[in-house]
Amino acid sequence: MRPAVVVLALLVPLAVAGCAADTGAPARTAERFVAAVTARQGEAACALLAARAAQKLPDKGQTCAQALVELGLREGPVVSAVVWGDEAQVRTTRDTIFLHRFGGGWRVRAAGCTPRGDDLPYDCEVES
Amino acid sequence: MKRFLKENSLSLFFLLIFALALVGQAVAGNGQYNDRQLVDGGQPISVVEYVASSDFAVDVAENWQSEYLQFLLFIVATVWLVQRGSPESKEVGREGGESDEDQMVGRHAQPESPNWATAGGWRRAVFSNSLGWVMGTIFVLSWLAQSVAGLAANNSERLAELRDPQDWGAYVIGPEFWSRTLQNWQSEFLAVASMVVLSIFLRQRGSPESKPVGAPHDATGVEG
């Protein structure tokens, strides 16, 4: 029976891999991001964007900070946060925000997102 | 020590190549994962972090469940189903659980029979089906582990695609879970069917999985 016990012991970590998740950190990053945007602190908000999102956001001749402030993202308290692996989704009362965990912490990959239904990807004003 | 190695060489060989293959899977899987991270703008992770991830867990579990299902079905199906000419099958006409005398249980037990084969009641019933129950339990737990780790890996992918995550119930009736499951099952079932049929006509000298080289094609249940 011993090999069976070993197999069962190996299955437990397999089953729980990726289950434990701290939702507090991405929720705080999302809150800080939305607060910075609504306070028109574009530089501070851009610092919380994923690098690729910050690069893609501005039009020609614009800075990331200017582009972000112009978008007019809506602030609201966080109502839910889920984390799966290195990805997170934070919902406020007025927005849905997607984040990714980098070496330096959580950064916003997409914000100003509205659902398109039918299990399609959200349509986001900021997107990486 | 030398004697131990000789007498257990088959188990030790497979445990060794299992461990080597698992390490290889971890290293190669980590490389593939980091390639994807590069494309998606994420950061590479170490092998240790990868081994603790749901991506590695689902890849391991989906293969485990299918292998244990394969052997469970082979063990249980060969109680009732036969294949004339195959060394993997009992002789035609011996289908079923067989008599106590054939199975050496109860008063037909031998002096060296396991205690639970000699005993009656629930102990004999449990021991008589213990191989199937343990393989079946490992199959179910592996499949469950696949569903949980698969849910985590799939939800991470869905969030990266800016889609809502799914709950477990939606995942296990969805195409991702069944695609992973059935792609493994079909290969296992084909391998068993091939082994049962090919061993009627082909031989591997010295292998107990084959009939003796000179055994006739229609000899059933004869192992070399």
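Residues are numbered from 1 along each chain as its sequence is written, while chains are lettered from A and ligands numbered from 1 in the order in which they are written. Because this is a predicted model, local features need pLDDT of at least 70 and side-chain atom pairs count only at pLDDT 80 or more, whereas totals for chains, interfaces and linings use all residues.

**View 1. Confidence along chain A.** Within chain A, confidence is lowest in helix H1 (residues 2-16), where the mean is 57, and highest in strand S2(A), at 96. Helices (H or I, at least four residues) and strands (E, at least two) are DSSP runs, numbered from the N terminus. Where pLDDT is low, the predicted coordinates should not be read in detail.

**View 2. Strand S2(A) and its two partners.** Strand S2(A) is mostly covered, since five of its six residues are buried; a residue is buried if 20 or more other C-beta atoms lie within 10 Å of its own, exposed if 12 or fewer, and partly exposed in between, with C-beta atoms placed from the backbone. Six bridges join S2(A) to S1(A) in the antiparallel sense, and Arg91(A) in S2(A) is the bridge partner of Ser80(A). The hairpin of S1(A) and S2(A) has two residues between the strands, and Gly85(A) in this hairpin takes a positive phi near 65°. S2(A) and S3(A) also pair in the antiparallel sense, over five bridges, with Gln89(A) opposite Phe98(A) in S3(A), and a hairpin of three residues joins these two strands.

**View 3. Strands S4(A) and S5(A) and the loop between them.** Strand S4 (residues 105-114) of chain A and S5(A) form an antiparallel pair over four bridges, and Ala110(A) stands opposite Glu127(A) in S5(A). Asp118(A) lies in the loop between S4 and S5 of chain A and has a phi near 55°, a positive value in a residue other than glycine. With 5 other C-beta atoms within 10 Å, Asp118(A) is exposed.

**View 4. The buried side of helix H5(A).** In helix H5 (residues 64-71) of chain A, the residues Cys64(A), Ala65(A), Leu68(A) and Val69(A) are buried. They cover an arc of only 125° around the axis, which puts them on the same side of H5(A); the arc is that of the directions from the helix axis to the C-beta atoms. These buried residues pack against helix H2 (24-38), helix H3 (42-46) and helix H4 (51-56) of chain A. Just after H5(A), Gly72(A) takes a positive phi of about 65°.

**View 5. Where chain B meets chain A.** In this interface, 27 residues of chain B are in contact with 30 residues of chain A, two residues being in contact if their C-beta atoms, placed from the backbone, lie within 7 Å. The elements that give two or more residues to the chain B side are helix H4 (54-80) and H8 of chain B, and H8(B) gives the most, with 14 residues.

**View 6. Trp64(B) in helix H4(B).** Trp64(B) is found in helix H4 of chain B and counts as buried, with 22 C-beta neighbours inside 10 Å. Trp64(B) and Ile138(B) are 74 residues apart in sequence and 8.6 Å apart in space, C-alpha to C-alpha.

Terms used. Two strands pair if DSSP finds at least two bridges between them. pLDDT is the predictor's confidence in each residue, from 0 to 100.
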